[in-house]
Amino acid sequence: MPHRDGLFQDRTVLVTGAGSGIGRAAAVAFGAEGARVVASDVDPQAAAGTAELIDAAGGTADSFAADVSAESDVEALIGFAVARFGGLDAALNNAGVPGAVGPLDELDSVGWERVQNTNLRGVWLCLKYEVGHMKNHGGGAIVNVSSVAGIVGNPGSAAYTAAKHGVVGLTRAAAGEYGAAGIRINAVSPGLTRTPLIEGLKRDNPALAASLGRNIPLGRAAEPSEIAEAALWLASAKASFVHGHTLVVDGGFSVL
């Protein structure tokens with residue numbers, strides 16, 4: 001695999017939700033920068049497929065199936081990364097699910113809790129075990145994936161919006177706690193991106209998806225690789241003094 005700048009040469013990087021979309025694009029990009037990548041996803045075949053892409057390009061990767069909402073899975077995932085490659089230097093906490101769409105008063109508790117458990121609890125659990133290792137092993141860098149829905153209100157998507165706002169707050173709180181341990185913690189907030197999640201939104205609520213697309217000043221959705229590049233920068237030494245920040249990558253959507 002051709003290493004562009006070798007930003008992560010010989011470093012171990014974990015990516016959750018790596019089976020498709022932004023997670024897959026980021027895992028492949030980390031691999032291209034020399035990282036030893038642990039690709040994790042709730043779908044074992046999807047995770048393995050991402051690891052195979054990295055290996056086939058000459059990189060180094062392995063996969064591990066985990067449900068980030070289950071603490072035992074997350075503990076096992078971090079343990080696997082450390083045992084497999086000798087440590088954990090960086091992580092992209094990307095795993096997430098779309099929420100039910102519709103008026104807030106029509107949401108049911110099952111749908112609400114599913115979104116919170118994966119999109120917010122899952123990030124907290126990953127942080128818990130990642131910093132638990134990093135604080136005793138020289139620090140590291142963590143990037144949490146929020147959303148433009150974590151920056152602005154998103155009518156018709158209350159569960160998802162609440163969880164992604166929570167990720168921004170969690171990122172700030174964690175940054176305040178662990179900076180002295182040499183752990184940089186930031187977030188990236190993607191706007192409309194061509195991922196399976198957005199394709200599902202188009203199917204379930206085409207009016208909402210269309211409205212998001214119309215309000216992007218750059219006039220298009222992002223490609224997963226564009227969000228991946230932002231996440232890589234935050235996790236790299238090029239962002240060495242960036243801490244507790246949420247980088248919005250939305251084509252200007254949130255300025256309107």
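Helices and strands here are DSSP runs, numbered from the N terminus. With that in hand, a first look at this predicted model can start from the record. An unreviewed UniProt entry carries the annotation "domain: Ketoreductase", and that annotation covers residues 11–191. Asp-10 sits in the segment before β1 (12–15). The backbone of Asp-10 has a phi near 65°, which is a positive value in a residue other than glycine.

Next come the helix pairs. Two packed helices are described by the angle between their axes and the distance between the axes. Take helix α4 (residues 109–134) and helix α5 (residues 158–178) to begin with: their axes come within 8 Å and cross at roughly 15°. Angles under 35 degrees count as roughly parallel, so α4 is roughly parallel to α5. The crossing of α4 past α5 is right-handed. On the α4 side, the contact involves Trp-112, Val-115, Gln-116, Asn-119, Leu-120, Val-123, Trp-124, Leu-127 and Val-131. These meet a set of α5 residues, among them Ala-158, Tyr-160, Lys-164, Gly-166, Leu-170 and Tyr-178. Sorted by class, the contact of α4 with α5 comes out as 16 nonpolar, three polar and one charged.

Helix α4 also has a contact with helix α3 (residues 71–85). Here the axes come within 9 Å and cross at roughly 35°, and α3 passes α4 in a right-handed crossing. From α3, the residues making the contact are Glu-71, Val-74, Glu-75, Ile-78 and Val-82. From α4, they are Arg-121, Leu-125, Cys-126, Lys-128, Tyr-129, Glu-130 and His-133. The class count for α3 with α4 is six nonpolar, one polar and five charged.

A further pair brings together helix α1 (residues 21–32) and helix α8 (residues 224–235), whose axes come within 8 Å and cross at roughly 55°. That angle makes α1 oblique to α8. The crossing of α1 and α8 is right-handed. In α1, Gly-21, Ile-22, Ala-25, Ala-26, Ala-29 and Phe-30 make the contact, and in α8 the partners are Pro-224, Ser-225, Ile-227, Ala-228, Glu-229, Leu-232 and Ala-235. By class, the contact of α1 with α8 holds ten nonpolar, two polar and one charged residues.

Ala-39 belongs to strand β2 (residues 36–41). Its relative accessible area is 0%, so Ala-39 is buried. Neighbours within four places in sequence aside, Ala-39 is in contact with Val-15, Ala-18, Ala-47, Thr-50, Ala-51, Asp-62, Ser-63 and Phe-64. From Ala-39 to Ala-26, a residue of the α1 contact with α8, the distance is 9.8 Å in space, C-alpha to C-alpha, with the two 13 residues apart in sequence.

Ala-175 is found in helix α5. At a relative accessible area of 6%, Ala-175 is buried. Not counting residues up to four places away in sequence, Ala-175 touches Ile-185, His-243 and Gly-244. Ala-175 and His-245 are 70 residues apart in sequence, yet 8.7 Å apart in space, C-alpha to C-alpha.

Other residues have more of a share in the surface. Glu-113, in helix α4, counts as partly exposed because its relative accessibility is 45%. The C-alpha atom of Glu-113 is separated by 30 Å from that of Gly-252, and the two are 139 residues apart along the chain. Asn-136 lies in the loop between α4 and β5 (140–145). With a relative accessible area of 55%, Asn-136 is exposed. Asn-136 and Val-255 are 119 residues apart along the chain, and their C-alpha atoms are separated by 40 Å.

How values were computed:
Residues are numbered from 1 along each chain as its sequence is written. This is a predicted model: local features need pLDDT of at least 70, side-chain atom pairs count only at pLDDT 80 or more; totals for chains, interfaces and linings use all residues. Side-chain values use heavy atoms; hydrogens and water are left out. UniProt positions are given in the numbering used here, feature names are shortened, and annotations may be inferred rather than shown by experiment. Helices (H or I, at least four residues) and strands (E, at least two) are DSSP runs, numbered from the N terminus. Axes are lines fitted to C-alpha atoms, for helices over the stretch in contact, and angles run from 0 to 180 degrees between N-to-C directions. Angles under 35 degrees count as roughly parallel, over 145 as roughly antiparallel, 65 to 115 as roughly perpendicular and the rest as oblique. A crossing is left-handed if the near helix is turned anticlockwise from the far one by less than a right angle, and right-handed if clockwise. Contact means heavy atoms within 4.5 Å. Ala, Val, Leu, Ile, Met, Phe, Trp, Tyr, Cys and Pro count as nonpolar, Asp, Glu, Lys and Arg as charged, and the others, Gly among them, as polar. Buried means under 20% relative accessible area, exposed over 50%, partly exposed in between (1.4 Å probe, protein chains only).
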